[in-house]
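My notes follow in the order in which I checked things.

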Amino acid sequence: MGKIDLIKGGATSASAPATAAAMAVSRRGFLVGMAASVAMFGFPRDALAAMDPAQPLGVPLEPDGAAFEPTIWYWIDGAGRINVNIINAEMGQHVGTGVARILAAELGANWDDVDITHVDSDAKWGTMVTGGSWSIWMSWGIYRQAAAAGRTALIEKAAEIWGIPVAGITVADSVVRGPDGRSASFGELVSAGIARSFTEDELKALPLRPVSELTLLKQEVQALDIRAKTTGQAVYGIDAKVEGMVYGAPILPPTRNVCTISALDDSAAKAVKGFRQVLRLDDPSGTTAGWAMVIADSHWAALKASELVTVTYDLPPEATVTEAQIQAENLRLIEDGSLGALVETAGNPDVDPVFAAAADILEADYTTSSVLHYALEPMNAIALRNGEGVWEILTGNQWQSLCLPWIAKALDVPQEQVVMRSHMLGGGFGRRLNGDYCVPVALASKALGGKPVKMVLTREQDSLFDSFRSPSMARLRMAFDADKQVVAMDSTYAAGWPTKVMAADGLAKGLNGEPYDPFASDGGEHWYEVGGQRMRVVSNELANTTFRPGWLRSVSPGWINFMVESFMDETAHHIGADPLQFRLDHFTAEGANAGSAPNAVGGAKRQAAVLSRVAELSGYGKADLPADTAIGLATTFGQSRSMPTWVAGAVQLHVDRKTGFVDIQKVWIVVDCGVVVDPNGAHAQTEGAALWGISMALFEGTSIENGVPADLNLATYTPLRMIDAPQIEIEFVDSTEVPTGLGEPGTTVIAPAIANALYNAVGVRMRHLPILPADVLKALGPQSA
């Protein structure tokens, strides 16, 4: 599909223990014998809710004898096993492998000795979130410090045993070696007894290896969870079972917010074998307004019975809202210059005098449709109250620290009485940052006295209840002097704001004192030198109250960069400049765009470097392509200026003038993410992100009708299919800078590169996503014949 190069655990209820039979059940066996199986896929109590994805059914590794725990992030046992504690969710990105690589490389461990454990939501782990392409970036310093502590303690123990100074003692391949040739394994030293501990200040003062000595990071190693995933032994939330549980099938209201049940009739449902009752969910957290839950002895019985329950509702005004109305509101907000927050950029925001004196002005509006997450594994969870009175939520989730307060509020208990046991995720993409799907299960269990309840949403319910990406709109303006030089840029962006709706404490403050959502603005504060620069962002309250806007993979950089990079291309063509050279000329890397340590060293110079390389790699500008075929370029800085991943993309495509179909023939991506911690994972993340970008650019999108998404299943919601996936070539810049994220940046360059290539191929400028064949034909007009 492509190539990669470097170029220089939750516990079960006390009355519901996991059975031994679970240890030998494969995923295939579970699927084949699901109806009759008695195997339980819960967490063993003595493992404190930990989950090891490398072990059969997630059973965590236990220490062999006494273990040395330099910090809470890992332990080493007498057999030399190194077990790394992971707070991030595993959803296909091999995050545990990446984080463990950091620790093992700094420690000097043999990769064959390393295991990982995904931990529960105990407060000692701090903030637990897997999103924003943050995991490796946030783990880099923490796990290196932790590893340095272990290495120091092992060296000191060896020096003590051998009666020599610590100077000259080295650590590699899980062996400590003295300058005189003596050696001891990690296991031998731990077995001899190590009682060393470190204060926070001591940890910070420990010397770290030079990046050049972190040789494990460039080696080909096997992902720690790959065997369980490929043999069917990995346990996902949808697999989880505990003894004595019942099944809940929700009845969703016709709107996402502010809906109440006025009447309910379950008389027909009582004829279904296994039906128990219907619960009206009273939710103090306001997460699941208007929900009912059918309880039955099996999932299918609950589902069948739910189809026979008649429910009527008192509907809010939002029940009639459409996508067109939300976009009309976006336009109104953009045109009212008094609204919104001013975001700090590299330029002077006082641009009105510059535009008033400009010799020429270019203006363009861009829009994007609603986009669903559509994870392969639908939302699901188990809730129960264990024998200690603690509420347990067994599920796959990306942001436990956000969800725990909601669940506690819904249950009306202190947060300390709720714990989340995280299974593996069958797709996250930001959907499982919002753990709203845990709340109704918890409420159902509470109504049943703490009895375990499992809920799995149907595909249609999953889409209906999705916290999808909001429709968005932007207006971009560029001012030129008499010599066609750019002198100012003005941009305004409007959309629903996920952070305002779900995590308001995360809002930032604008230059004018107004709050704003960074995840609805990142991407607009680019690294181009454009003279004066004003950036305004406005929250669409109609969107916020109609549905629950969500964080979707690449969040605002996924749509704002489509707009910015398309507009940069338009600007270049407007003044008769080559789009590549125009971009390079404006990456001056001066002032705020020069970058800063530790995360943005080099600034715009690094963005210019990846752009130049992708142009060279793709042969951009070559004249020997067939008719209606062209290459387009785009470049972004990933997710935010505070932790930029420098990305450039080129797309070669062909446009069929008769059908409007856009055939993506090849994609090139060059990435500078600092140190590449896990090369295979980095490639997979970038390739997957690029395919996601193609899907959202050309195939994927829905519209809001009557307050909810119109497309609920694959009959009408049409993501990218394998047959349409192009060849992808990926390069990573060899770097020693701080590693930044890779889960999302590869998405951000694709849509604008496609739009720019389409313009180069047939001369039409597409300013809306997705770019559908009918829209291409309309833009081509009579020439399409």
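Is the crossing of α15 and α20 left-handed or right-handed? I find that the crossing is right-handed, where right-handed means that the near helix is turned clockwise from the far one by less than a right angle, and left-handed that it is turned anticlockwise.

Before going on, I note that this is a predicted model, in which local features need pLDDT of at least 70 and side-chain atom pairs count only at pLDDT 80 or more, while totals for chains, interfaces and linings use all residues. Residues are numbered from 1 along each chain as its sequence is written, and side-chain values use heavy atoms, without hydrogens and water.

Entry on the helix pair. I looked up α15 (residues 555–574) and α20 (residues 750–762), which pack at about 30 degrees with their axes 8 Å apart (axes are lines fitted to C-alpha atoms over the stretch in contact, and angles run from 0 to 180 degrees between N-to-C directions). That makes α15 roughly parallel to α20, a term for angles under 35 degrees.

Entry on the sheet. I traced four strands in an open sheet, ordered β2-β3-β4-β5 with mixed pairing (two strands pair if DSSP finds at least two bridges between them; strands are DSSP runs of E, at least two residues, and helices runs of H or I, at least four, numbered from the N terminus). The edge strands are β2 (67–71) and β5 (114–118), each pairing on one side only. Strand β4 (residues 82–86) pairs with β5 in the parallel sense over five bridges, and valine 84 has isoleucine 116 in β5 as its bridge partner.

Definitions and conventions:
Angles under 35 degrees count as roughly parallel, over 145 as roughly antiparallel, 65 to 115 as roughly perpendicular and the rest as oblique.
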